[in-house]
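I opened the notebook to look up a few things in one structure. The entries follow in the order I made them.

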Amino acid sequence: MATAAAVGAAVIVRVSNRLQFPLPRSPFFPYHLPKARIGCVAALQTIDESDYPADRFNQPHHASSERKKPAPKWKKLSSEDLGITSSMIAKPTKIVLNGLNRKGYEVYLVGGCVRDLILSRVPKDFDVVTSARLTEVLQTFPRCRIIGRRFPICHVRVEGYIVEVSSFSTRGRKFKKDSSYEGATGCDEKDYSRWKDCVRRDFTINGLIFDPFGKIVYDYTGGLEDMKKARVRTIIPAEESFEEDCARILRAIRIAARLGFHLDRETAKAVKSLSTSILRLDKTRLMMEMNYMLAYGSAEASLRLLWKFGLLEILLPVQAAYLVANGFRRRDKRSNMLLSLFSNLDKLVAPDRPCHCSIW
């Protein structure tokens, strides 16, 4: 595999010398190849918005929305009906859940792990949220520390693994309860805490919350409906979501690639228009996001989507140059040596057994 990768890299570099467009400065490729001009139809293609369903954005809680749109219906479903069993939860995560539950705190699984459990996929990791304050989590587990300034969380080390625990009291975006809380009749403070945590997240399919002791999955953002439609959609308006955290652009690509989902129309337009904003991320964060895309079993699909939305030129310009030199169009379904190499890599790795970043 190493030999094949070396040959692939050599071919990519060699063909790039005869390219006819300038390569943008990339955080992973900090210099330019010489004498280049735009001259390939593949590099000029843009997103055809008709490829994306024109579904209406229906998240009402954000104050900046010009028109009031109906809130998604809250759903409370049995986890057993959704196919989730306790055996699907990793042992270190169970230890953390049980430890907080014995202390009398509310404790839930949240985010992508709930989505993956419903889809019968192996979660990359498990995120825990609790009613306990982070200092109380710190007192509960001997091997625990608080990290992060803007969004502090606890890292709990259990049996050689790290379980991330966040608190309802420290989750990001601020908004007024009386102007944005539109729950069903009879909802209590626990509903409000769960809802508030969900709507602060990035995408509706990551806005699910699972009570492993009550065996209930709560959906406050329409995530289950979007999962049925294989759709990645932001919870707040897409442009505002990406301006709030431009790393969500890469996360949208990664999720769509891994699950075989599509971006909804508004999200796709925002990815295209704000693509260069990812350069505001530091190199460490960019490397982490790229590694999530390429080392966990969905590298080929990720490369195709990065190319489709004009992000590959920004992040990996040499690889983009190779696609252009081969006349590869934005929506091309064909394969080539580069994509075949990553396709073969995908067969050897998985979310729970990634490869080292040196491989890609």
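**Cysteines**

I looked for disulfides in this predicted model and counted 0. A disulfide is a covalent bond between the sulfur atoms of two cysteines. My cut-off for a pair of sulfur atoms was within 2.5 Å.

I then checked two cysteines one by one. For Cys154, the closest cysteine sulfur belongs to Cys144, and at 3.8 Å it is too far for a bond. I also looked up the cover of Cys154: its relative accessible area is 0%, so Cys154 is buried.

For Cys357, the closest cysteine sulfur is in Cys355, at 8.2 Å, which is again too far for a bond. Cys357 has 32% relative accessibility, so I noted Cys357 as partly exposed.

**Two helices**

I next looked up how helix H13 (residues 299-308) lies against helix H16 (residues 337-346). Their axes come within 7 Å and cross at roughly 140°. I wrote down H13 as oblique to H16 because of that angle.

Which residues make the contact? On the H13 side I listed Ala299, Glu300, Leu303 and Arg304, and on the H16 side Leu339, Phe342, Ser343 and Asp346. I sorted the residues of this contact into 4 nonpolar, 1 polar and 3 charged.

**The whole chain**

Last, I took the totals. The protein chain has 16 helices and 10 strands. Of its 360 residues, 51% are buried. The chain exposes about 17600 Å², and carbon and sulfur atoms supply 51% of that area. Among contacts with a separation of 6 or more, 67% join residues 24 or more positions apart.

How values were computed: Residues are numbered from 1 along each chain as its sequence is written. This is a predicted model: local features need pLDDT of at least 70, side-chain atom pairs count only at pLDDT 80 or more; totals for chains, interfaces and linings use all residues. Side-chain values use heavy atoms; hydrogens and water are left out. Axes are lines fitted to C-alpha atoms, for helices over the stretch in contact, and angles run from 0 to 180 degrees between N-to-C directions. Helices (H or I, at least four residues) and strands (E, at least two) are DSSP runs, numbered from the N terminus. Angles under 35 degrees count as roughly parallel, over 145 as roughly antiparallel, 65 to 115 as roughly perpendicular and the rest as oblique. Contact means heavy atoms within 4.5 Å. Ala, Val, Leu, Ile, Met, Phe, Trp, Tyr, Cys and Pro count as nonpolar, Asp, Glu, Lys and Arg as charged, and the others, Gly among them, as polar. Buried means under 20% relative accessible area, exposed over 50%, partly exposed in between (1.4 Å probe, protein chains only). Accessible areas come from the Shrake-Rupley method with a 1.4 Å probe; for residues, only the protein chains shown count as cover.
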